[in-house]
Each structure stands twice: as C-alpha cells, then as structure tokens.
Amino acid sequence: MSTRIAFLKGHGTENDFVIVPDPENAVDLPAAAVAALCDRRAGIGGDGVLHVVRSAAHPEARAMAAEAEWFMDYRNGDGSIAEMCGNGVRVFARYLLHAGHVAEGDLAVATRGGVKTVHLAKNGDVTVGMGRAALPEGDVTVSVGERSWPARNVNMGNPHAVAFVDDLAHAGTLYGPPPVSPASAYPDGVNVEFVVDRGPRHVALRVHERGSGETRSCGTGACAVAVAAARRDGADPAVTGTPATYTVDVPGGRLVITEHPDGGIEMTGPAVIVAEGVIDAEWLAAASR
C-alpha cells in the first residue's frame, strides 16, 4: 500500500463526509479506521466515509455492476456499515463529476440499498431517485426526558422513526440516541427525526442518525419525514394520484422531496466538494488497530 492515500472532503446541506477514492477496493477500512478518519479532533472529521469503489471490484456490489459502474461503500461516523445515505449519494455523485468519471446529466450509483438514479444539474443541484418508502405496521413511541410522542415507522432502505413535535428544542441535546419503543421495531437501531411545521407542505427537522449522533442533515430522514407528513396530511400520492412535494429544512440547509403516485421518491439539494489531500497510511494503519 502507498504511504499516502488520497481523500476529499465534501458535504450535502452540511452533512459532511470524508471521501476515499479507491476504484480497485485496495484500501482496507475497518471500523476503527473509519471512526479515526471521522474524528473531528484527531482525524479529518465527518459524519461518515464515502468509500468510492468500482462495483465490479467489491463483493457486495458485483451483482449491480451491469447497472452501475460505481459503488458507494458508505460507513457511519462510528465505523458501522449503513445501507444508504441520501446526502452521501449526492456528494458521491458530485465527486464522480469532479474527478471526471461522469458528466452532467443522469447516472446510476450502486448502494447497499440498491441502485440509485442520480441527476447532476448544471446549477449544482443533485437529484437522487431514493426508491420507495416502506411503512411497517405497529405503533412506535419516541421519548426525550418526560415527553413522549407517537412516531411513524418509515423505512427508506434504512430505518426511521418520525415524530411531529411542537418545538424542535423538545428533541433535547441529541447527544445520545432517543429511546424508541418497542425496541423490537428496530432491531438494528434507528434514525430518529423530530419535525415541526413551517407552512403548507413545509417542515423542519432535527435528526439523530444511527451511528453518527445529531447531524446537520439526513437525506433519507428528509424523505421519511416527507412521506410521514404526506400521510398525516391526507396527501398520499398513491391515493390522490398527484405527486406530493415537501420542502424540508434541515439545520444545514434545505432539501426538496417529491413522492410520486407510483411510490418513487426524489430528493433534490446541493452537494459540494470543499477540499482534497492525502492520508498518511502509517497513521491509518495505526488507527485501525
């Protein structure tokens, strides 16, 4: 392995990532190494790592190689593996454009949550086809201190509990994961969104992301919130036959989510590459132990 490993830093509505280009899947990234890279004091700092690998070179993505040349091997900030990251897909696509691997327009990106369609617009926005939401049955409750709220269980390829509250401050510090019951609803943990209304089809959220803590934005979370809001508002596109579009404000910016009558969900928002450099391989190897 080279003693220097390339990296870039990017963000989507301030959900920030360390990007590690590794087309042939040659860089070993155990959980400890990912956590060290994401450490905001001793590492580079980020909510997660976007490991950029050709689908054909990764055992989890080879079956998708005919549909998507590139695989987003996404890791949470604590090193755990995640199925999907909506903001991450936008930044991943922006990197591919930045590196000259793709052109503006349409492309496909392989993820553990399946192949996602992406459109890179000339104005800098990136639209991602996020697939369909699943709405598991059963009551779910989210708690913070002495307060509790009913929550909507929404799965966007990863699990979410969406709670509508009167004030985003009611979410508390979000230093730790808010208690969710029953625990059996989320055997692998859950992303928790606290949501307030800002206007007609306009909401704002705070989110605790599984494995990362409170983040400035969560793309799959924004989609889950839009789906939950549409059901609450009687605007289910499958029932009305009309697309439902929600503006979702996150602490780091704004996303626009549209759910179509066929269930397909699109997310549009910015994605920015802010820096590039090199990682010392000896440091990374030591951090991996």
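How many salt bridges does the count come to? In this predicted model, the count comes to 17 salt bridges. Several of them can be followed residue by residue.

Asp73 takes part in two of these contacts. The side chain of Asp73 meets that of Arg75 in a salt bridge, with 2.8 Å from N to O. Both Arg75 and Asp73 are buried. Asp73 also forms a salt bridge with Arg112, and here the N to O distance is 2.5 Å. Asp73 belongs to strand S4, whereas Arg112 sits in the loop between strand S5 (105-111) and strand S6 (114-120). The pair therefore ties together parts that are 39 residues apart in sequence. The two partners can be compared by accessibility. Asp73 has a relative accessibility of 0%, so Asp73 counts as buried. Arg112 is at 21%, so Arg112 counts as partly exposed. Shared partners also join salt bridges into one network, made of Lys9, Asp16, Arg40 and Asp47. Asp16 and Lys9 are both buried.

Aromatic rings provide another set of contacts. Two aromatic pairs were counted. In one, the ring centres of Phe17 and Tyr74 are 5.9 Å apart. Their planes stand at 75 degrees, so the pair is edge-to-face. Phe17 lies in strand S2 (residues 15-21) and Tyr74 in strand S4 (residues 70-76). The pair thus ties together parts that are 57 residues apart in sequence. Phe17 is buried, at 0% relative accessibility. Tyr74 is buried too, with a relative accessible area of 3%. In the other pair, Trp149 and Phe194 have ring centres 5.8 Å apart. Their planes are at 80 degrees, so this pair is also edge-to-face. Trp149 is in strand S9 (residues 147-155) and Phe194 in strand S12 (residues 191-199), so the pair links distant parts of the chain, 45 residues apart. Trp149 is buried at 10% relative accessible area, and Phe194 is buried at 0%. A charged residue also meets a ring: Arg232 lies over the face of Phe164, 4.3 Å from the ring centre.

The nonpolar interior comes next. In soluble globular proteins, nonpolar side chains tend to be buried together. The largest nonpolar core in this model holds 52 residues. Met72 and Ile257 have the most contacts inside this core. Helix H3 (residues 219-232) gives the most to the core, with nine residues. Another core lies apart from it and has 17 residues, including Ala161, Ala163, Leu174 and Ala204. Leaving out residues up to four places away in sequence, Met72 touches several residues, among them Leu50, Met84, Gly88, Val89, Phe92 and Arg112.

Gly88, Val89 and Phe92 are among the buried residues of helix H2. This helix covers residues 86-98 and has 13 residues. From its first C-alpha to its last, H2 reaches 19 Å, close to the 18 Å expected. Eleven of the 13 residues of H2 are buried, so the helix is largely enclosed by the rest of the structure. Gly100 follows H2, and its phi is positive, near 85 degrees.

Note on methods. Residues numbered from 1 in each chain as written. Predicted model: local features only at pLDDT ≥ 70, side-chain atom pairs only at ≥ 80, totals over all residues. Heavy atoms only, no water. Phe/Tyr/Trp six-rings, centres within 6.5 Å; stacked < 30°, edge-to-face > 60°. Helix = DSSP H or I, 4+ residues; strand = E, 2+ residues; numbered from the N terminus. Buried < 20%, exposed > 50% of the residue type's maximum accessible area, 1.4 Å probe, protein only. Lys NZ or Arg CZ within 6 Å of the ring centre and 35° of its normal. Expected span 1.5 Å × (residues − 1). Core = buried A, V, L, I, M, F, W, Y, C linked by side-chain atoms within 4.5 Å. Contact = heavy atoms within 4.5 Å. Salt bridge = Lys/Arg side-chain N within 4 Å of Asp/Glu carboxyl O.
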